[in-house]
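This report describes a single protein chain for a reader who has its sequence and coordinates at hand.

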Amino acid sequence: MLYLASRSPRRNELLSRLGMPFCALDLEVPEQRAPGEAAEAYVRRVALDKAQAGLALVGDDPQAVVLGSDTEVVLDDRVYGKPVDAADAEAMLASLAGRSHRVITAVALAAHGRHALETVVSEVTFAPMSPAQIQAYVATGEPMGKAGAYAIQGGAERFISHLAGSYSGVMGLPLQQTAALLAAFAAGAADDSMDKGE
């Protein structure tokens, strides 16, 4: 049985597009970057932490495969998490405006005795944004709960001048890579040696 270790409605929606039955798990995993931890290593660790925490919840299912994922916005090695309030969201967007940043999404699969990881890095460029535009977008409430204070599939789409990479990865789950990882895992090809990064 496939389990999704996420409370994110976006990840639930994205995974459902693959046409595989799955069960979503409600769990909370700490997301705290360690001092000196590289941004990509942090995202990969959190994704695997989520998958392994989910596996611990469903450990009585010998066929359990748990998918964990983490997405972070990174600019100049600063990891932009979810904004704590509107002012924080405005500050994040002001620093991203008119610049390109990376969106790193890691997908982890965990089963009894094995796991696999895939990392997808996309580049997103925002057009310049005026303070009034930023304030109006933040006032919609959409930036809250989103890494980097924006949703590419929502109102922020109008500000994005360029995307190189995975649109669904920026949303929170890169579908092509996730489908390939699940297929390899089901075929028994996935183990620690499949731990791939980009």
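## Overall architecture

The structure is a predicted model. The secondary structure of the protein chain consists of six helices and seven strands. In sequence order, these elements follow the pattern β-α-β-α-β-β-α-β-β-α-β-α-α. The radius of gyration of the protein chain is 17 Å, close to the 16 Å that the globule rule gives for 198 residues, so the chain is as compact as a globular protein of that length. Along the principal axes, the C-alpha atoms occupy a box of roughly 55 × 30 × 30 Å.

Of the 198 residues in the protein chain, 51% are buried. Among contacts between residues at least 6 apart in sequence, 66% join residues that are at least 24 apart. The protein chain exposes about 8800 Å², and carbon and sulfur atoms account for 53% of that area. As to charge, the protein chain carries 16 positive and 24 negative side chains. The centres of these two sets lie 3 Å apart.

Which residues of H3 are buried? They are Ala-89, Met-92, Leu-93 and Leu-96. Viewed down the axis of H3, these buried residues fall within an arc of 95°, so they line one face of the helix. The buried residues of H3 pack against S3, S4, strand S5 (100-111), strand S6 (114-126) and H4.

In H4, the buried residues are Ile-134, Tyr-137 and Val-138. Seen down the axis of H4, they fall within an arc of 100°, so they too line one face of their helix. The buried residues of H4 pack against helix H3 (86-96). On the other side of H4, Ala-132 and Ala-139 are exposed. After H4 comes Gly-141, whose phi is positive, near 85°.

Most residues other than glycine have a negative phi. Asp-76 has a positive phi, near 55°, although it is not a glycine. Ala-149 is likewise a residue other than glycine with a positive phi, near 65°.

Where are these two residues placed? Asp-76 belongs to the loop between strand S3 (65-75) and strand S4 (78-80). Ala-149 is in the loop between helix H4 (131-139) and strand S7 (160-164). Is Asp-76 buried or exposed? Asp-76 is exposed, because its relative accessible area is 60% and the class begins over 50%. Ala-149, by contrast, counts as buried, because its relative accessibility is 0% and burial means under 20%.

Arg-10 lies in helix H1 (residues 9-16). Leaving aside neighbours within four places in sequence, Arg-10 is in contact with Gly-145, Lys-146, Gln-153 and Met-171.

Leu-14 is also found in helix H1. What is the relative accessible area of Leu-14? The value is 0%, so Leu-14 is buried. Beyond its neighbours within four places in sequence, Leu-14 is in contact with Ser-168, Met-171, Gly-172, Leu-173 and Leu-175.

In helix H2 (residues 39-57), Asp-49 is the residue considered here. With a relative accessibility of 28%, Asp-49 counts as partly exposed.

| Residue pair | Separation in sequence | C-alpha to C-alpha distance |
|---|---|---|
| Arg-10 and Val-170 | 160 residues | 11 Å |
| Leu-14 and Tyr-80 | 66 residues | 22 Å |
| Asp-49 and Ser-69 | 20 residues | 9.2 Å |

Arg-10 and Val-170, for instance, are 160 residues apart along the chain, yet their C-alpha atoms are separated by 11 Å. For Leu-14 and Tyr-80, a sequence separation of 66 residues goes with 22 Å in space.

Key. Residues numbered from 1 in each chain as written. Predicted model: local features only at pLDDT ≥ 70, side-chain atom pairs only at ≥ 80, totals over all residues. Heavy atoms only, no water. Helix = DSSP H or I, 4+ residues; strand = E, 2+ residues; numbered from the N terminus. Rg over C-alpha atoms; globule rule 2.2 N^0.38 Å. Buried < 20%, exposed > 50% of the residue type's maximum accessible area, 1.4 Å probe, protein only. Contact = heavy atoms within 4.5 Å. Areas by Shrake-Rupley, 256 points an atom, 1.4 Å probe, with all protein chains shown as cover. Lys, Arg positive; Asp, Glu negative; His and termini not counted. Charge placed at Lys NZ, Arg CZ, Asp CG, Glu CD. Arc of directions from axis to C-beta.
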